[in-house]
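Thanks for asking me to look over this model with you. Here are my notes, point by point.

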Amino acid sequence: MSAAECGRPPHIPDETLCIAHRGYRACFPENTLLAFAQSLGRSHMIELDVRLSRDGEVIVFHDELLCRTTNARLCASEWGLSSLQVIDWSLTELQRLDAGAWFLEADPFSSLGSKLVRAEDILVHLPQKIPTLDEVLCWSRKHAMRLNIELKDLAKVELNRLLVEAVIAALQRQQVEHLVLLSSFNHRLLPYCRGLAPDIACAALQEKTHPPELVAYLRDLQVCAYHPENALTDQALIALLWSAGIAVNVFTVNDHLRMKELAGFGVSGIITDYPHLSTCGQA
Ligand code: G3P
Ligand code: CA
């Protein structure tokens, strides 16, 4: 991926990318194949999160703990497991969980209540397994859907290295490097990715404040894109980074007017829970 392609590929000229956050998180259970399938035709790219299982497999999952988005609490007591941390479960155990039904009960964005989505359109697809990264890469190749894979910080140097190595190996195995943009809040992981796969596109995620000497900092990291949180983003930032050849993809923007404003500033991509609201959706 070239710098421009990290945010604005040649076949979508002058268009802001719509990046579906954790799939289509407002209306479908996050980070599931159901949410990803529903993003087709509504987004140009899908953002997802990856972590390691106890046995070193890469799975697509956001939280450190299993309880918010699966039925792990119930299963753990039935199966005699005491921890609810993802890293303490094997892939086999993780794949016996349901990562979809919680959404019907929690209705986290009130999209069921407001009839934006119908419960029966989710029910018919339950249970949803926690996907492996390999499954999602295979799906992405089939649909030529670009992915922004966020490497979660596993808080231990050795685990983070294992995660990066396993992700790069999966991208190479599935031959999808050209479809993928890797990102992380842990910026130390990004040069490590580039060291293992010099052509891989990387982006630095940032919240609260910008690093000092931002352009030089990003150049040192060898990233082609910067992913600031919405509150950190203004027109001057976008102009500065474009002039340095660095794309800007902003998270998480769920307000239609703000999407329009950012698109007017020339932002390269908008990460949103509501891809159908985006001015850049393909639907
Ligand atoms: O990639 C942007 C966004 O996903 C980062 O935050 O917590 O939703 O993974 P989070
Ligand atoms: Ca994420």
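1. Start with Arg22: one of its polar side-chain atoms lies 2.8 Å from an oxygen atom of ligand 1. Glu47 also has a polar side-chain atom 2.8 Å from an oxygen atom of ligand 1, and for an N or O atom in the side chain of His62 the distance to a ligand 1 oxygen is 2.8 Å. Taken alone, ligand 1 exposes 290 Å², and the protein buries 88% of that (accessible areas come from the Shrake-Rupley method with a 1.4 Å probe).

2. A word on the basis: this is a predicted model, in which local features need pLDDT of at least 70 and side-chain atom pairs count only at pLDDT 80 or more, while totals for chains, interfaces and linings use all residues. Residues are numbered from 1 along each chain, chains are lettered from A and ligands numbered from 1 in the order written, and side-chain values use heavy atoms, without hydrogens and water.

3. Now look around ligand 1. Its surroundings include His21, Asp49, Lys152 and Phe251 (a residue counts if one of its heavy atoms lies within 4 Å). The shell divides into 3 nonpolar, 2 polar and 5 charged residues, with Asp, Glu, Lys and Arg counted as charged.

4. Which residues are the protein donors of the calcium ion (ligand 2)? They are Glu47 (OE), Asp49 (OD) and Glu150 (OE), 2.1 to 2.2 Å from the ion (donors are N, O and S atoms within 3.2 Å for Ca; water is not among the atoms, so sites may look incomplete). Asp49 in strand β2 (residues 45–52) and Glu150 in strand β4 (residues 146–151) are 101 residues apart, so the pair links distant parts of the chain (strands are DSSP runs of E, at least two residues, numbered from the N terminus).

Terms used:
A polar contact is a pair of N or O atoms within 3.5 Å; within protein, one must be able to donate a hydrogen and the other to accept it, and residues adjacent in sequence count only if both atoms are side-chain atoms. Donors are N, O and S atoms within 2.8 Å of the metal (3.2 Å for Na, K and Ca); water is not among the atoms, so sites may look incomplete. Helices (H or I, at least four residues) and strands (E, at least two) are DSSP runs, numbered from the N terminus.
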